[in-house]
Amino acid sequence: MKHQHVRCFFTFAFITLFSLSSSAIPKIRNRLSRGSSLSVQDDSDVLTSPDESFTCGFYGVGTNAFWFSIWFTKSVDRTVVWTANRDRPVNGLGSRLSLGQDGAMVLTDVDGTAVWGAPVNSSSSRADTAVLLDSGNLVLRDKRGKVLWQSFDFPTHTLLPNQPFTKSKKLISTLGKGTFGTGYFSFSFDNDNVLKLMFDGPDTSSLYWPDPDYNVFASGRTNYNSSRVAVLDDLGKFTSSDELQFGASDAGSSAKRRLTMDYDGNLRLYSLESVTGLWVVTWAAMTEPCKVRGICGRNGICIYTPQQKCSCPPGYEVADTSDWKEGCKPMFNRSYLRSQQVKFVQIEQVDFYGFDLNYSESTSFQNCTKLCLDDFRCEGFSYRITEAKCYTKSALFNGYKSPNFPGSIYIRLPLSVKTSLPVNLNALNTCRKNVTKVVPLMYGSTARRVKWVYMYWFAFAIGALEVLFIASAWWLLFRRHSAAAPKEDGYHIISSQFRKFRYAELKKATKNFKEELGRGASGAVYKGVLADGRVVAVKKLADVYHGEEVFWAEVSTIGKINHMNLVRIWGFCSDKKHKLLVSEHVENGSLDKHLFPPNFLGWQERFKVAIGIAKGLAYLHHECLEWVIHCDVKPENILLDGNFEPKISDFGLAKLTHRGNLSSVFSQIRGTKGYMAPEWALNLPITAKVDVYSFGVVILELVKGIRLSSWVVEDTDDLESELTRFVRVAKRKIQCGKDLWIEDIMDPRLNGQFSRIQAAKMVEIGISCVEEEKSKRPTMDSVVKILLECEGESAVASPHDTSNSNLSFRERNM
């Protein structure tokens with residue numbers, strides 16, 4: 001009897017322990033029932049395939065940026081294979097993926113806005129469950145098991161084994177490593193039934209695989225089969241109706257595989273190593289990566305060092321060191337190329353593909369040179385000596401250097417440009433930067449996620465008030481006294497210097513919008529010369545729908561704003577779908593082109609720019625007839641005239657509010673990452689203090705001489721922004737009372753040639769301006785007063801001059 005009790009006790013104990021251990025193991029589910037949802041705030045709220053190969057849920061790249069995605073569970077970096085909302089991430093608070101009672105699967109943002117939905121083409125039945133299969137396919141099924149929708153029908157940048165690839169499908173690359181936005185490279189069936197790789201960039205489009213120099217059959221393909229279907233099987237073999245076939249180098253193994261259109265323009269087949277969780281490339285379409293179109297932008301040349309790099313030809317320099325797709329810009333005036341005072345500089349084994357003005361066979365080098373010289377459109381020519389072939393070029397795109405190329409490119413340059421022969425191309429940077437390294441960070445930290453900010457839509461109800469406001473402004477400004485009254489009658493409030501232009505007039509002034517000065521979120525800006533000889537900048541608003549609202553907001557106040565530190569607006573054009581703004585042309589361009597490396601700006605100019613920006617913003621905030629919030633203060637929007645006097649541009653694109661309304665809220669996000677105040681991401685009321693924050697970032701960049709929105713890695717391997725680190729270091733040095741602290745945080749390129757009092761005051765102001773709590777930030781008129789107090793200080797002072805500066809930024813109430 002005693003032994004029986006003992007056995008019962010152990011049996012009970014075993015069952016209890018088993019139950020406890022079982023309850024401790026997280027439950028794995030692969031389906032979502034109707035009426036349930038997945039939340040972004042719960043990391044365990046995911047779907048996992050039965051064999052645990054794939055996981056579906058919210059994939060985060062920051063505390064405020066999440067994508068509903070499918071990824072490989074066992075890969076080290078959780079490689080994403082499909083994304084629902086690739087171009088519009090949702091917020092990290094309150095967003096969810098729901099399968100409603102009506103059977104609709106919808107992704108909603110924190111404010112309830114529907115960001116994405118699964119398009120179900122069935123009126124007879126509704127979805128009952130969403131299931132993640134072992135193949136990585138997310139499917140919607142009705143009660144009978146019929147598939148109503150599946151992610152396999154809507155690929156993003158990756159094709160999985162046994163996923164049909166047909167004429168309606170396309171793989172499109174991401175913008176960069178670690179991002180999910182739609183990029184410029186694609187893989188799809190072309191109209192001739194052949195699978196091809198294509199570059200579709202901002203300036204040009206080009207097919208580059210299979211080699212366009214050969215016909216379809218020479219490339220081992222056929223265009224006779226119009227079924228347009230292809231598939232990758234489990235063993236790593238890819239077959240297509242155009243007779244394209246290739247296999248993984250480890251074909252036949254049971255490895256997990258994926259075919260991905262990578263952000264660098266190459267199509268690659270990967271196999272997952274089960275032990276390490278790392279990916280191995282087992283096949284690639286492009287054996288010569290430099291032949292990928294658009295990889296180095298306009299005028300850029302792709303070279304091997306032996307790694308793939310980008311370079312600029314003689315007479316050109318990098319247009320944007322952070323983005324090679326912008327290519328290289330000339331260091332000379334292009335109008336000089338139209339004269340006869342030019343030369344042709346040879347670059348051996350280099351070619352620029354496409355944009356041929358003329359093609360000649362069996363012609364001499366002299367004739368080829370003359371063809372280009374006699375055509376003002378010609379920017380260079382390619383000549384192949386062994387074949388005696390000549391190609392004159394209207395533009396220099398898709399440049400590459402290859403030892404297999406049997407010729408040279410001859411670049412057309414003014415005689416005044418100094419060059420040396422032979423030309424040696426120096427690798428300036430990688431062809432594609434890791435885009436994630438330039439994502440700005442501003443708001444706090446978590447132990448589990450990268451710090452990255454995503455701005456989301458504001459409340460609909462308050463947005464409706466803004467629509468009402470704009471509608472009222474429209475009625476007040478543009479009402480007609482009679483049906484025959486001209487539109488111009490509605491502009492009686494605008495000063496005589498501000499007028500309406502005809503579209504044909506601006507088209508003529510800009511020579512059909514030939515010379516582009518820059519491009520922003522609202523549209524492109526072109527240089528022009530009016531009939532009266534004034535040089536102007538003409539902004540051509542790109543988005544007619546959204547641009548309409550922005551356009552009239554500017555017109556309502558533009559004629560009343562006039563300040564020496566604001567770009568003067570001369571007029572506008574509203575001609576059917578054409579919406580344009582005409583402003584003064586500021587000759588020295590934007591601040592970023594002078595401040596950041598490799599360029600340099602002296603201290604006197606920096607302090608002058610700081611005061612000018614402060615005065616301009618103070619005028620907008622406190623002196624305008626209407627209170628204007630800029631919302632996008634950054635170096636790119638600060639233009640410098642011939643005397644390096646700063647002029648703020650794009651202020652008319654901000655939302656206008658009455659001075660008495662301190663809780664104005666915008667219905668559209670405005671601003672640039674890295675310069676945006678925390679209010680944008682935290683859904684707080686937007687006031688003039690957002691401009692104060694942006695000014696704080698700019699003034700600290702004037703001190704440091706570099707961008708403060710890039711990432712840095714500390715000893716703990718944590719990531720933080722340059723701005724956060726700069727403020728933290730500066731505060732610590734000031735609090736510790738360290739001697740010569742200002743020397744340690746200044747731009748080293750100044751070599752000590754700056755006023756210590758002015759620099760210390762700018763750091764004090766900058767730190768106050770970037771306070772997370774907007775109530776602690778100063779007003780712009782108080783900033784102007786503080787800067788003017790030390791304007792008379794000498795440009796270069798002794799290192800001990802900061803001793804008299806009161807740097808109590810924690811106590812000063814500005």
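Now the housekeeping. This is a predicted model, where local features need pLDDT of at least 70 and side-chain atom pairs count only at pLDDT 80 or more, while totals for chains, interfaces and linings use all residues. Residues are numbered from 1 along each chain as its sequence is written, and side-chain values use heavy atoms, leaving out hydrogens and water.

So, how many disulfides does the structure hold? There are 5, a disulfide here being a pair of cysteine sulfur atoms within 2.5 Å. Number the bonded cysteines in sequence order and the pairing reads 1-3, 2-4, 5-6, 7-10, 8-9.

Let's look at Cys296 and Cys310, joined with an S to S distance of 2.0 Å. The angle about their S-S bond is -85°, a left-handed link. Cys296 is buried at 2%, and Cys310 at 0%.

Next, Cys368 and Cys390, with sulfurs 1.9 Å apart. Their torsion is about 75°, so this disulfide is right-handed. The pair links distant parts of the chain, 22 residues apart: Cys368 sits in helix 2 and Cys390 in strand 33. Those are DSSP runs numbered from the N terminus (helices H or I, at least four residues; strands E, at least two).

Last up, Cys372 and Cys378, 2.0 Å between sulfurs. Here the torsion is about -100°, so we're left-handed. Cys372 is buried at 0%, and Cys378 at 1%.

How values were computed. Buried means under 20% relative accessible area, exposed over 50%, partly exposed in between (1.4 Å probe, protein chains only).
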